[in-house]
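Hi,

Here is the structure for you to look at. My notes follow below it.

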Amino acid sequence: MLFLDFWGMGCGPCRSGMIRQKPMLEKLSNRPFNALYIADGDDGMEACKKWLRKEGIKGEHIFVSDDDWNRLRGIFNFSGIPFGVLIGKDGKVIKTKHVMTDDDPLLKKALSANVAQ
């Protein structure tokens, strides 16, 4: 499973959400789950990297060009951040506008379904 988190350094709710997700990501470290944090690389990539190191935000982090960012916005149909997408083991989108929480019932249900497959 995969959680896509579109974010930006200038977005306070993005940064606080990533900090709140840390305990859940620790719990999922031995499960078939990964978080992919996507930011616009043309919007302060070095500041983003410095903040990620300081806060110890785990998961995969990629920085995309403005063109790729706009392409992803079109694919996932979002205009604002933070914006989360939960994707199942089969590669299908389970939910957009998803906010991952420490006790995430949708994520738990999806992980349980993936174990049964």
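Which elements do the buried residues of α2 pack against? There are three of them to look up: β1 (2-7), α1 (12-27) and β3 (60-64). Bear in mind that this is a predicted model.

Start with helix α2 itself. The helix covers residues 45-55, and its buried residues are C48, W51 and L52. Seen down the axis of α2, these fall within an arc of 100°, so they line one face of the helix. An α-helix has 3.6 residues a turn, so residues three or four places apart point the same way. The face turned away from the buried side of α2 carries exposed residues: E46, K50, R53 and K54. Just after α2 comes G56, with a positive phi of about 65°.

Now the helix pair. α1 and α2 pack at an angle of about 30°, and their axes are 11 Å apart. An angle under 35 degrees counts as roughly parallel, so α1 is roughly parallel to α2. The crossing of α1 past α2 is right-handed.

Who makes the contact? From α1 come R15, M18, I19 and K22. From α2 come W51, L52 and E55. By class, the contact of α1 with α2 has four nonpolar residues, three charged ones and no polar ones.

Best wishes

Methods
Residues are numbered from 1 along each chain as its sequence is written. This is a predicted model: local features need pLDDT of at least 70, side-chain atom pairs count only at pLDDT 80 or more; totals for chains, interfaces and linings use all residues. Side-chain values use heavy atoms; hydrogens and water are left out. Buried means under 20% relative accessible area, exposed over 50%, partly exposed in between (1.4 Å probe, protein chains only). Helices (H or I, at least four residues) and strands (E, at least two) are DSSP runs, numbered from the N terminus. The arc is that of the directions from the helix axis to the C-beta atoms. Contact means heavy atoms within 4.5 Å. Axes are lines fitted to C-alpha atoms, for helices over the stretch in contact, and angles run from 0 to 180 degrees between N-to-C directions. Angles under 35 degrees count as roughly parallel, over 145 as roughly antiparallel, 65 to 115 as roughly perpendicular and the rest as oblique. A crossing is left-handed if the near helix is turned anticlockwise from the far one by less than a right angle, and right-handed if clockwise. Ala, Val, Leu, Ile, Met, Phe, Trp, Tyr, Cys and Pro count as nonpolar, Asp, Glu, Lys and Arg as charged, and the others, Gly among them, as polar.
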